[in-house]
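Keep the viewer open and follow the stops below in order. Each stop gives a selection and then what is found there.

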Protein chains: 2
Amino acid sequence: MKIGNQTIKLENTPKILHTSSMVGPKEMQGPLSMYFDAHTDDIFFGEKSFEKAESKLMKTCIDNLLSKVPIDKSKIDYIFAGDLLNQCISSGYAIRDTNIPFFGLYGACSTFCESLMLASLFVNAGYANKTVAATSSHFCSAERQFRMPLEHGNQLSSTAQCTVTGTGAAIVTTKDISIASPYITYVTPGKIVDMGITDMANMGAAMAPAAYSTISTHLNDTKRSVNYYDAIVTGDLGKLGSEILVDLFNKEGIDISKVHKDCGTLIYDLENQDVKMGGSGCGCMASVFSSYFFEQLKTKKLNKILIVATGALMSPVACQQGESIPSIAHAIAIENEV
Amino acid sequence: MKIGNQTIKLENTPKILHTSSMVGPKEMQGPLSMYFDAHTDDIFFGEKSFEKAESKLMKTCIDNLLSKVPIDKSKIDYIFAGDLLNQCISSGYAIRDTNIPFFGLYGACSTFCESLMLASLFVNAGYANKTVAATSSHFCSAERQFRMPLEHGNQLSSTAQCTVTGTGAAIVTTKDISIASPYITYVTPGKIVDMGITDMANMGAAMAPAAYSTISTHLNDTKRSVNYYDAIVTGDLGKLGSEILVDLFNKEGIDISKVHKDCGTLIYDLENQDVKMGGSGCGCMASVFSSYFFEQLKTKKLNKILIVATGALMSPVACQQGESIPSIAHAIAIENEV
């Protein structure tokens, strides 16, 4: 049921039955290493190209997810997935052999919440009993496609973010499954917000206003305050984007800083790893939510969280043609009690 | 409600209240010219790049759609859209200023049905009262991105298809609106099918098995026969792909040829326009359904149709790396009586 301006209440409160995550070597050097299910020390993951490596990461992550639950792959009704690569080939090739009906999505780094929203809305509506949401990104395939080939050895801008080599997947089921798991209670799909930022090396600044728009709308629609949530988790605003988000709420007299977390700043040690403003990419929130935050929910260290994946919908071609960066953020409320 | 293996029955039968279409000069020289709402003779549509022209096509089409119905833009709950360009920039920039919450999709040329499926499923579930689905493609932006810059002047392969410069959009509403319009009764999201085709200039052959898979599954799930429908309309199999589809059904002892139509062969005069196997692209089914087929439904010349958009999920990078072409098809049953 739609409530307010943009939010949908999931009256049948689907469950996130389980999650799976997998990352690359740099992410394993970061502070969340103990939470990831799986990792590879080989950035090529045994493949001949970065694109094939990324696709294999997602495929492995989905396989790992399905091995964790007592559910046969053939019982998954639909899968929702996307990534950053042109024509979303990481997802397409990862899902090719699963024999599961597939919805391909593109929301840039917001895609993890876009896929998890649709996966839970399908279960809530009775269109499916079991759905999977998955996204991935890979530092090397993203650098080649969006910026420069790695061989170029260019310096990072001080406002740049580092695309996470990682993937995450979640299985959503009806609430009648007896395993205790967090529920999805509300989703707030976002509108595009474009404040005129044209610097592709400053995505945090481009995306922060979109995160602000979606979080504000979600709180208005649900009549909740910032402090209702134990954590409001953005996808990959990074250090600078997070500061801008806090500032935007401060202007409204709201202090979001105590509950705000950002997957892009959590996944790396910003002091000691050369990642500038932090992590980004479809795989950033996917891997951090599917490891650290899901564990925090399962162990009741957190009970009510709002996850808000943020995406910058530009392309190198659009930016070369002088366009600014349209951004979007999608929010999902996940709670242990309903 | 899910029925059978892959199909969802839309018990609340949302309506396609209206559609809008717009095409370029070559499409206006084809046999469907009288059905399109709008067209441009300028392949640049007054813009400085093909990408900006494509985005403006989609934006104009959505504006035209909303001008046809007595509904304020602010009452549209969600918009579902996608295109072929990297990072789906045609959709992103077209929708940027609409202030409507946005789901970005990528299903290659299958995206029109993917967006219309989700738009109707949201209305059916009560998540929305009014949704819009839109897709676009542009010959010149697609050639540059997927094949060669036009300046290269390369010859087309004999099995090639010509990307349609066109766009289509539909508005889906709850059935209680008093205007007589066709209903969406069933959707069948597709699985990826990859029969090992590696020739990017033979997409019809790559996509035909996916169309066969989805149509067969739809008929099994709904317990309908081919002849239940007045027309089974594929997106852009083209002449060769259509022949393969007919052959695949013939092997099962089913004659689909009498009801099968393909938007890619309808939109051009294959004898006299240099388009080889016919049209393709996200804008092909979008513009042909939103003009010709919607008119046929409204005037009751057709009363029961199944539209099946087909997509090839490869990328130039994947094909250069030796990958075959994964394909997908999504089907939607549209009927005047429920």
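Predicted model: local features only at pLDDT ≥ 70, side-chain atom pairs only at ≥ 80, totals over all residues.

Residues are numbered from 1 along each chain as its sequence is written, and chains are lettered from A and ligands numbered from 1 in the order in which they are written.

**Both chains.** Select chain A and chain B. Chain A is superposed on chain B by a rotation of 180° with 0.0 Å of shift along the axis, at an RMSD of 0.0 Å (least squares on the C-alpha atoms of residues with pLDDT of at least 70 in both copies). The two copies are thus related as by a two-fold rotation axis. Centre on Leu105(A): its C-alpha is the one in chain A nearest the axis, 2.1 Å away. The same surface serves both copies, as 100% of the contact residues of chain A recur in chain B (contact means heavy atoms within 4.5 Å).

**Helix 6 of chain A.** Select residues 203–222. Helices here are DSSP runs of H or I with at least four residues, strands are runs of E with at least two, and both are numbered from the N terminus. At 1.5 Å a residue, the 20 residues of helix 6 should span 28 Å, and the end C-alpha atoms are 28 Å apart, which agrees (the expected span is 1.5 Å times one less than the number of residues). Of these 20 residues, 19 are buried (buried is under 20% relative accessible area, exposed over 50%, partly exposed in between, with a 1.4 Å probe and protein chains only). Step on to Lys223(A), just after the helix, where phi is positive at about 55°.

**Strand 14 of chain A.** Select residues 304–312. Eight of the nine residues are buried, so strand 14 is largely enclosed by the rest of the structure. Which strands pair with strand 14? Strand 11 (residues 231–234) runs parallel to strand 14, joined by four bridges, and Val233(A) stands opposite Ile307(A). Strand 15 (residues 327–335) pairs with strand 14 in the antiparallel sense over nine bridges, with Ile305(A) opposite Ile334(A). Pairing requires at least two DSSP bridges between the strands.

**Two loop residues.** Select Cys88(A), in the loop between strand 5 (78–83) and helix 3 (89–95) of chain A. Cys88(A) is not a glycine, yet has a positive phi of about 45°; Cys88(A) is buried, at 6% relative accessible area. Then select Asn99(B), in the loop between helix 3 (89–95) and strand 6 (102–104) of chain B. Asn99(B), also not a glycine, has a positive phi of about 65°, and counts as exposed at 51% relative accessibility.

Key: Heavy atoms only, no water.
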